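This briefing covers salt bridges and selected residue surroundings. The sequence and the structure come first, the notes after them.

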Amino acid sequence: MRHAISTRRWLVLGGLWLLTGCSLTSENVEPALPSGRVNESSTLVYRADGKPVVSNNSTDIITIIVAAFGDSRAVVAKLLANNTLAIRTTNTPPSGVGSTTSRRLELNLQNFTGPGVYPLLGPAAAGYSTFASYQEYYPSGNGTGYTFGPAYGVLPGASAQVTVTSWNSATRQLQGTFELTVAARPAGTPRFVLTEGKFDLTVDQ
């Protein structure tokens, strides 16, 4: 019976994804993560302290929080000239600016060569790695914008890595997993544990 109920919920939520192209979080879905691309678009998912976060590019709808960073897509991946693979994802609630928290995550893979394990460590400010960052955004009181929370860096000594499982240089399709612990600087609290991270996306030319 529970499986049948869950199936019906996902059928309904599939329509929301088509309309929004952004994300669904634990505030509006039961805690489950999709296993691959959503509507055949670049998709990145993870849990932030157990809460599911889903971002995808299934439509071209531009929201305030995404457009603020100069790109209307919720999931962006670029291979830079120095062989750094930069992945940026921003999720927004289905209605755009509303009553739920949005989250922005950046992962920078150094010396990218294809499948393999990439530690998110390296030169850092105050001991915090700059190879990854996490930030939350909270709806403002008037419901038309967001208040930016503090930026979080990789917590020193914590597990932080990305595993690229598949890379097709012809189609630019990239797949992999990740996990990391991030914390506010300089005190190290509060902190967030990001688990069950997965991505299936297309890297920009």
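In which strand is the place of threonine 163? Threonine 163 sits in strand β10, residues 160-168; helices (H or I, at least four residues) and strands (E, at least two) are DSSP runs, numbered from the N terminus.

The model is predicted: local features need pLDDT of at least 70, side-chain atom pairs count only at pLDDT 80 or more, and totals for chains, interfaces and linings use all residues. Residues are numbered from 1 along each chain as its sequence is written, and side-chain values use heavy atoms, with hydrogens and water left out.

**Threonine 163**
- Leaving aside residues up to four places away in sequence, threonine 163 touches Gly116, Val117, Gln175, Gly176, Thr177 and Phe199, where contact means heavy atoms within 4.5 Å.
- Between threonine 163 and glutamate 179 there are 9.0 Å, C-alpha to C-alpha, at 16 residues apart in sequence.

**Salt bridges**
- The structure has 5 salt bridges, each defined as a side-chain nitrogen of Lys or Arg within 4 Å of a carboxyl oxygen of Asp or Glu.
- One of them joins the side chains of aspartate 200 and arginine 37 at 2.8 Å, N to O.
- Aspartate 200 is in strand β12 (residues 191-202) and arginine 37 is in the loop between α1 (2-20) and β1 (43-48), so this pair ties together parts 163 residues apart in sequence.
- Aspartate 200 counts as buried at 10% relative accessibility, while arginine 37 counts as partly exposed at 24%; buried means under 20% relative accessible area, exposed over 50%, and partly exposed in between (1.4 Å probe, protein chains only).
- Arginine 73 and aspartate 204 form another salt bridge, with the closest N and O atoms 2.9 Å apart.
- Because arginine 73 lies in the loop between α2 (64-67) and β3 (75-79) and aspartate 204 in the segment after β12, the pair ties together parts 131 residues apart in sequence.
- Arginine 73 has a relative accessible area of 27% and is partly exposed.
- A salt bridge also connects the side chains of arginine 103 and glutamate 136 (3.5 Å, N to O).
- Here arginine 103 belongs to strand β5 (residues 102-109) and glutamate 136 to strand β8 (residues 128-139), 33 residues apart.
- Both arginine 103 and glutamate 136 are buried.

**Lysine 78**
- Lysine 78 lies in strand β3 and is partly exposed at 39% relative accessibility.
- Not counting residues up to four places away in sequence, lysine 78 touches Arg73, Thr84, Leu85, Ala86, Val203 and Asp204.
- Lysine 78 and threonine 202 are 124 residues apart in sequence, with 8.9 Å from C-alpha to C-alpha.
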